[in-house]
Every structure is written in structure tokens, then in C-alpha cells.
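Biologist: Could we go through the charged pairs and the ligand site together? I have the model open.

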Amino acid sequence: MLKTVKKLNKGLKGEITIPADKSISHRAVMFSSIAKGECFVRNFSSGADCHSTLNLFKQLGVDIQFLDKKTLKIKSEGKLLPVITPLPNPPLRGGNECDCGNSGTTMRLVSGILAGQNFDSVLVGDESLSKRPMKRIIEPLTLMGADITSVDGHAPLTIRGRKLHGIDYISKLASAQVKSCILLAGLNAEGKTTFEEPYISRDHTERLFKYLEADIKTEGTKVTITPSQMIAKDIDVVGDISSAAFFIVAGLIVKDSNFVIKNVGINPTRSGILDVVERMGGGVNILNKRLVSGEPCADIRVQYNDSLKGCVIEGEDIPRLIDELPVIAVLASQAEGDTIVKNAEDLRNKESDRIKCLVAELTKIGVNIEETQDGFIVHGGRGKCAGKCIDKSPANNTTAQPLESYHDHRLAMSFYIAGLVCGNEIAINGFEWTKISFPEFESLINQLL
Ligand code: S3P
């Protein structure tokens with residue numbers, strides 16, 4: 001689907017409520033499916049990725065019912081899944097595969113659950129997911145005794161369930177997906193498992209494990225899980241800061257904007273974008289802080305700021321804002337001076353190569369952005385060339401070449417935000433991919449007009 005976006009000639013105003021966090025929605029379904037008892041999950045994400053997780057656990061025989069569009073009732077016997085239809089042994093590709101769709105979180109976390117079950121399974125994904133690296137989870141799971149066959153480190157993953165044993169693992173990557181996979185496997189293994197990472201990655205798994213009474217201990221960047229049975233409890237999912245990020249950037253760069261984004265998760269392992277905004281000159285106020293099912297949450301007021309400055313984003317910043325980097329590039333294009341992003345090489349392994357694709361597409365609309373091996377540099381321009389730096393195309397014309405989304409939801413939405421300040425109308429190809437995490441995106445923009 002080709003979407004055209006025009007420059008806004010007035011500020012964004014009013015109030016929106018940001019929909020459910022994708023990372024927490026996945027975990028709410030997964031963990032409730034292996035916790036003992038019955039619970040409600042409220043404010044579940046309507047994104048396609050979270051529905052891949054939901055359908056997978058239904059397929060595995062967990063009793064999951066929708067009470068309304070966003071409320072689930074989940075009943076589980078505990079950490080060994082029922083599997084109504086046992087998969088053939090050896091597992092065959094075909095009718096018995098579990099489909100993870102486009103979702104890396106589904107495939108990587110569910111592998112940690114399935115590796116220790118007493119049945120076999122095959123995890124498949126769409127074209128993009130089948131290209132994403134899985135060795136990062138296969139290696140540590142294999143050290144725990146798992147039996148996983150892949151296609152040269154990629155899906156489909158054939159998992160022959162067996163009893164696992166605990167390990168001490170030092171990860172080179174700060175990845176919440178790898179960490180969560182190993183913690184899930186450790187929950188049902190023999191003996192303790194420790195996982196250590198170079199910087200702290202998002203800690204939703206640790207928080208939800210604690211809330212559901214798993215035997216888990218955290219010490220800086222090290223987590224220890226002792227095999228235990230989680231107890232089902234109701235979970236309210238807070239709003240997604242990664243979705244709010246598009247609105248935070250829109251509010252900062254669209255002239256005269258001033259609005260409130262309600263119910264945003266501000267977990268410190270996810271809120272790197274708020275620190276970056278502060279470093280660039282501010283424009284965001286955090287209001288009404290509270291704790292919801294173990295997760296910090298707040299309302300955010302965002303106001304247009306015409307004196308943003310470039311900054312350096314690196315090291316431990318990166319896992320705290322990895323998914324926001326595409327829209328931060330758009331923000332940086334509207335700041336004075338350079339914004340340098342380093343140590344973000346894993347951005348190349350997301351739904352697209354987000355370094356290469358971001359640079360290629362933003363260049364088409366006149367952003368001065370350079371690709372580096374582990375990130376990018378945006379040479380900002382506001383002040384000197386306000387209103388021009390995101391505009392190369394002839395006046396009163398749609399940008400000749402549409403921007404390609406590469407089937408990547410976060411690129412599609414980042415380009416849309418760029419379009420709001422671009423001199424000419426832009427077109428984005430593959431805008432329907434926003435359904436992966438944030439189907440409500442455009443209707444919320446319209447709510448602020
Ligand atoms: C996620 C972790 C991050 C993030 C992804 C969701 C999670 O991936 O990019 O969108 O829910 O654990 P990595 O763990 O690969 O960094």
C-alpha cells in the first residue's frame with residue numbers, strides 16, 4: 001500500500017493514549033501460558049506480532065479466550081504445555097509447524113520454552129524472519145542440552161524437546177530476546193542458570209518473572225534463574241514507549257505542537273529516547289508516574305522545540321533505544337549539528353538492515369545522513385536550512401521516488417513522521433506493515449490534528 005504524507009501546517013494538539021507495549025504483551029501471553037492457574041491479560045496489543053504469539057500458544061493447546069478485543073482469559077496447568085495435537089516424531093514441515101510470522105520475539109523466546117518440553121516442534125517465520133540470525137539462541141540452548149536443527153542458523157527451527165540443564169552464560173550481545181530465551185529455558189531446566197550481558201537490555205522478563213513469583217535474582221547485568229513454577233496473576237499491559245517515540249519526535253519537530261501522550265511505559269531499560277531528547281535540548285515532561293503490574297508508567301507532555309542540538313548515542317544507550325533509532329534519525333535531521341550513533345551494528349539484523357535501508361531512504365528526501373559500519377551520522381540542519389533539510393524534490397510535487405519500507409513497520413512509521421515536516425508530499429511504499437506493532441498509528445495522528 002502506497003501512503004502519501006503532506007507537510008503539516010499547524011501543530012499537533014490534544015491528548016492520545018498509546019496502545020499496549022509489544023514486548024510486554026508477548027511476555028504476558030507466554031508467561032501466563034506456562035504459569036499455573038487462571039488470569040486476565042488486559043490491554044493486550046492489537047499488533048500482528050503479538051497475535052502470532054497468541055495463536056501459537058492456542059495451537060499448543062493452552063486455553064486462551066478473548067473477552068473483548070484487548071482482554072484475554074488464560075488458563076494453564078503449568079510449565080509443561082498440553083499440546084492437544086502431538087507433533088509427529090521426527091517433526092515434519094507442513095501442518096504441524098508453529099508460525100511465528102514476522103516476529104523475532106516470538107521465535108526467540110518460544111524456542112526457550114519449547115526446547116525443554118516433552119514433545120517436538122518446528123518454528124517457521126515469514127521471509128524476513130527466516131533471514132534473521134538464530135545462532136544467538138541456538139548456541140546457548142545447545143549448551144543447556146537442547147536439540148535444535150536450523151538452516152544454517154536460520155528458521156525453520158526443528159526443536160526436539162528434552163530435559164535441559166542449567167548453565168552459566170556470558171553473552172557478547174546485550175539482547176533481551178536472547179536473555180529471555182535462556183531464562184525461560186532455565187525455568188524448566190535442572191539446576192540454576194545465570195545469564196550475563198555487557199549492558200542491561202530491557203528487563204520486562206525479569207520484572208514479570210518476579211511478579212509471577214519465579215525464583216529469579218538480578219545483580220547488575222547478571223540474572224540467575226532457579227527452576228520454579230510461576231503463579232498466574234492478572235496482568236495490565238502499559239503503553240509502548242517504542243510506539244510513543246513516533247509521537248514524541250512528531251511533537252518536537254512539527255511547529256506549534258503541544259500534546260499529552262497517556263499511559264506510556266517508562267521502564268529505565270527502555271527509556272533511552274527520553275535521555276536523548278534531554279541531551280538534544282528537551283521538550284518532554286514526565287507526568288503522573290505510577291507502577292502497573294511491576295512496570296513504571298507515566299503520561300508524557302511533548303512540545304515543539306526549535307533549538308534542538310545533535311548528540312552522540314553509543315554504548316549502554318543502544319539497548320535502551322534500539323527500536324527508536326530510525327525515528328531518532330528523523331529527529332536528528334531537524335537538530336542543529338551532528339548526531340552520531342555508534343555501537344548499533346545489531347540494527348542490521350532487525351526486520352530489515354535498518355542502517356542501510358534508513359540511510360538509503362532518508363537520503364531520497366534530502367536528509368544528510370551517512371552510513372557507518374555500526375550506526376550512522378546525521379548532519380542536522382535546522383536553523384541554517386529550516387524546512388529545507390528534509391526536501392530535495394521540486395516544489396509542490398510528490399517526491400519522485402517513493403520511500404521503501406522494506407516490509408519494516410518501524411521504517412514505515414519513521415518515514416511518515418519525516419513526511420510531516422518535509423517540504424513536499426512524500427510517498428511510502430508498504431505502509432501496511434505498520435500493522436505489525438501499531439495498527440492504530442495513523443488514526444492517533446489524526447486525533448491530534
Ligand atoms: C525485544 C528486544 C529487542 C527489540 C525487539 C523486542 C524484546 O531485540 O529490538 O523489538 O521484546 O525482547 P534484541 O533482543 O534482539 O535486541
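Modeller: Let us begin with D346, which counts as buried at 17% relative accessibility (buried means under 20% relative accessible area, exposed over 50%, partly exposed in between, with a 1.4 Å probe and protein chains only). This is a predicted model, in which local features need pLDDT of at least 70 and side-chain atom pairs count only at pLDDT 80 or more, while totals for chains, interfaces and linings use all residues. Residues are numbered from 1 along each chain as its sequence is written, and side-chain values use heavy atoms, with hydrogens and water left out.

Biologist: Which residue forms a salt bridge with D346?

Modeller: R136 does, with the closest N and O atoms 2.8 Å apart; a salt bridge is a side-chain nitrogen of Lys or Arg within 4 Å of a carboxyl oxygen of Asp or Glu. D346 lies in the loop between β19 (338-341) and α10 (354-364) and R136 in helix α4 (residues 135-143), so the pair ties together parts 210 residues apart in sequence. Helices (H or I, at least four residues) and strands (E, at least two) are DSSP runs, numbered from the N terminus.

Biologist: And R136, buried or exposed?

Modeller: R136 is buried, with a relative accessible area of 16%.

Biologist: How many salt bridges are there in the whole structure?

Modeller: The search finds 31. One of them joins the side chains of D49 and K22, at 3.3 Å from N to O. D49 is in helix α2 (residues 48-59) and K22 in helix α1 (residues 22-34), so this pair ties together parts 27 residues apart in sequence.

Biologist: What about R202 and D323?

Modeller: Their side chains meet in a salt bridge, 3.2 Å from N to O. R202 is buried at 9%, and D323 is buried at 12%. Both belong to a salt-bridge network that also includes R132, E351, R354, D408 and R410.

Biologist: Moving on, which residues surround the ligand?

Modeller: Among them are S23, R27, Q177, R202 and D323, where near means that a heavy atom of the residue lies within 4 Å.
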